[in-house]
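Please look over the sequence and the structure shown here before reading the briefing that follows.

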Amino acid sequence: MSRVVLFLVIEGNGNKGCGGSGGDDQTFTRLLEDECELFFLRWYNETINKEFAKIDTYLICSSTNPPSEMFIAKIQKNYPLVNYIHCPHEISETFPAGWFNTPLAGKWLEENVDYDKAIHLDLDMILLKKFNSEYLELGPGYIANCATYHPDFPDDYPEMDGLTKRFVTCFIVTTKSGHFYTKWWNIQSRLQQEYIDKYVDELIPENKEIWWRYCNLEEHSVDRMAMIDGEKIAEIEYCQFGNTNGYGSIEDNKEHINKINFLHCHVDGNWREQIEDYAKMRVALISGRGRRL
């Protein structure tokens, strides 16, 4: 029987967050410790996620900004299956956005943990119902299943450096043997250095489009893996909704509500109201007051 693990990336509150990409607020940070607590409340709820609430979790911080000791102690006390790993790398100090840490932490996972498949989720992916085990099925030769942007909401810009924005790395399933994270890390590192060499002093938040592209090299690297390097990465469609750009609201996704597994929403957003909207729509469909899907 294959061993499946859950892989999460964390930093302390007051991190680089989204790097200010795609918006006017250039000091945007994430309350990642708070998001992590909400994530675990849902994931480890055996009422809705009995099977997958029993798998080992690796909560990895690859930056020099770790969570507080109080937070770590609380998580380890409440969730014994969580393995907190701090493997700081000085290169993280050059990252324009916190999500650059994901392939770096994933590379550590591939090199140090014995597993067959890994589920990666961003901390603001709030579980709505039992995790769909079909997501764990990878086709022959595929190294990953990865979420995609909603076709009607392709992020701030639909293209980047000649490639259509396709993959959103908030949800990925990989095999250890496919070395997905190591490959991703190598491409991201190379592209980051190319941007540094090309734009030199122009890589500042005030140069919004260049800065946005720089901050989005993380996902662009996965697009390049699939569309240029020929790596086999399957698309996971309609697995989420949210009020953040790129995923669409519950209304935008109502045709695919049975596929939705997650609400993608920051902990300081209106996640309670969105969960209620999702539940009401599900009840209406089941009771026949809405159109059956």
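Predicted model: local features only at pLDDT ≥ 70, side-chain atom pairs only at ≥ 80, totals over all residues.

Residues are numbered from 1 along each chain as its sequence is written, and side-chain values use heavy atoms, with hydrogens and water left out.

**The helix**

- Helices (H or I, at least four residues) and strands (E, at least two) are DSSP runs, numbered from the N terminus.
- Buried means under 20% relative accessible area, exposed over 50%, and partly exposed in between (1.4 Å probe, protein chains only).
- Helix α6 (residues 208-215) has 6 of its 8 residues buried, so it is largely enclosed by the rest of the structure.
- Those buried residues are I210, W211, W212, R213, Y214 and C215, and C215 has a relative accessible area of 0%.

**Cysteines**

- With a disulfide taken as a pair of cysteine sulfur atoms within 2.5 Å, the count comes to 0 disulfides.
- C170 is in no disulfide, since the nearest cysteine sulfur, that of C239, is 6.0 Å away, and C170 is buried with a relative accessible area of 1%.

- Two strands pair if DSSP finds at least two bridges between them, and 3 strands form an open sheet of mixed pairing in the order β5-β12-β11.
- Because β5 (125-127) and β11 (240-241) stand at the edges, each with a single partner strand, one side of each is left without a neighbour in the sheet.
- β5 pairs with strand β12 (residues 262-264) in the antiparallel sense over 3 bridges, and L127 stands opposite F262 in β12.
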